[in-house]
Structures are given as structure tokens and as C-alpha cells.
Amino acid sequence: MDETVWSDYVKGLLKAELKRKNITYKQLVDKLAALGVSETEANIKNKVSRGGFSAVFLVQCLAAIGVQSVRLDDLPASQ
């Protein structure tokens with residue numbers, strides 16, 4: 001399985017959770033700051049558009065926006 005498929009999946013996962021919670025990148029910056037994570041809106045936009053960010057960043061974002069669980073039913077490997 002190509003690495004870009006996984007990157008696209010993770011990028012889509014984060015974008016979907018942000019949309020589901022109706023949270024903008026600017027709001028995410030503020031929520032991350034409340035956790036002690038320093039990011040700019042531009043950095044977040046770049047990371048998300050690339051889909052190339054660390055697991056730590058993903059979990060920080062999910063925690064910041066209040067995601068309690070993530071469903072992985074549609075993982076690329078299962079297709």
C-alpha cells in the first residue's frame with residue numbers, strides 16, 4: 001500500500017473530526033495553546049494539507065478538540 005494513501009487517510013480523519021466539531025484552524029490553534037502546544041494557523045494548514053504530521057500532533061489535535069474515540073472501520077488496508 002502506497003504511503004500517500006495512508007497520509008491521505010490521516011489527513012481526512014483529522015479534517016473530518018474538525019468539521020464534525022465545527023472547529024476552524026484558528027480555533028484549533030487556541031485549543032492547542034490551552035494544552036501547552038504552540039502552533040500557528042499557517043503551520044497547521046501546511047501540516048494538514050501535506051498529510052505529513054506526527055502521531056503526536058494528531059493526538060494533540062484530537063485531544064484539543066475533545067475527540068474521545070476514533071473509528072478505524074475504513075482503514076486503507078481493509079479495502
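Keep in mind that the model is predicted.

I'll start with the core. The largest nonpolar core has 19 residues, and the members that touch the most other members are Leu 14, Leu 28, Leu 32, Ile 44 and Phe 57. Helices α1, α2, α3 and α4 each put in at least two residues. The largest share, five residues, is from α4. As background, nonpolar side chains in soluble globular proteins tend to be buried together.

Take Leu 14 from that list. Setting aside neighbours within four places in sequence, Leu 14 is in contact with Val 48, Phe 53, Phe 57, Leu 58, Cys 61 and Leu 62.

How do α2 and α4 pack, in angle and in distance between axes? Helix α2 covers residues 25–34 and helix α4 covers residues 55–64; the angle is about 95°, and the axes are 9 Å apart. The range for roughly perpendicular is 65 to 115 degrees, so α2 and α4 fall in that class. On the α2 side, the contact residues are Leu 28, Lys 31 and Leu 32; on the α4 side, they are Phe 57, Gln 60, Cys 61 and Ala 64. By type, that contact has five nonpolar residues, one polar and one charged.

Now Glu 39, which sits in the loop between α2 and α3. Is Glu 39 buried or exposed? Its relative accessibility is 16%, and the cut-off for buried is under 20%, so Glu 39 counts as buried. What does its side chain pair with? There is a polar contact, at 2.7 Å, between the side chains of Glu 39 and Lys 47. Not counting residues up to four places away in sequence, Glu 39 touches Val 29, Leu 32, Ile 44, Lys 47 and Phe 57. Leu 32, Ile 44 and Phe 57 are also among the core members that touch the most others.

Over to α1, where Lys 11 is found. Lys 11 and Val 48 are 37 residues apart in sequence, while their C-alpha atoms are 5.8 Å apart in space. With residues up to four places away left out, Lys 11 touches Val 48, Ser 49, Gly 51 and Phe 53.

Last, a backbone point. Most residues other than glycine have a negative phi. Asn 22 has a positive one, near 55°. Asn 22 lies in the loop between α1 and α2, and with a relative accessible area of 64% it is exposed.

Notes: Residues numbered from 1 in each chain as written. Predicted model: local features only at pLDDT ≥ 70, side-chain atom pairs only at ≥ 80, totals over all residues. Heavy atoms only, no water. Axes fitted to C-alpha atoms, helices over the stretch in contact; angles between N-to-C directions. Helix = DSSP H or I, 4+ residues; strand = E, 2+ residues; numbered from the N terminus. Parallel < 35°, antiparallel > 145°, perpendicular 65-115°, else oblique. Contact = heavy atoms within 4.5 Å. Nonpolar A, V, L, I, M, F, W, Y, C, P; charged D, E, K, R; others polar. Buried < 20%, exposed > 50% of the residue type's maximum accessible area, 1.4 Å probe, protein only. Polar contact = N/O pair within 3.5 Å; in protein donor to acceptor, adjacent residues only side chain to side chain. Core = buried A, V, L, I, M, F, W, Y, C linked by side-chain atoms within 4.5 Å.
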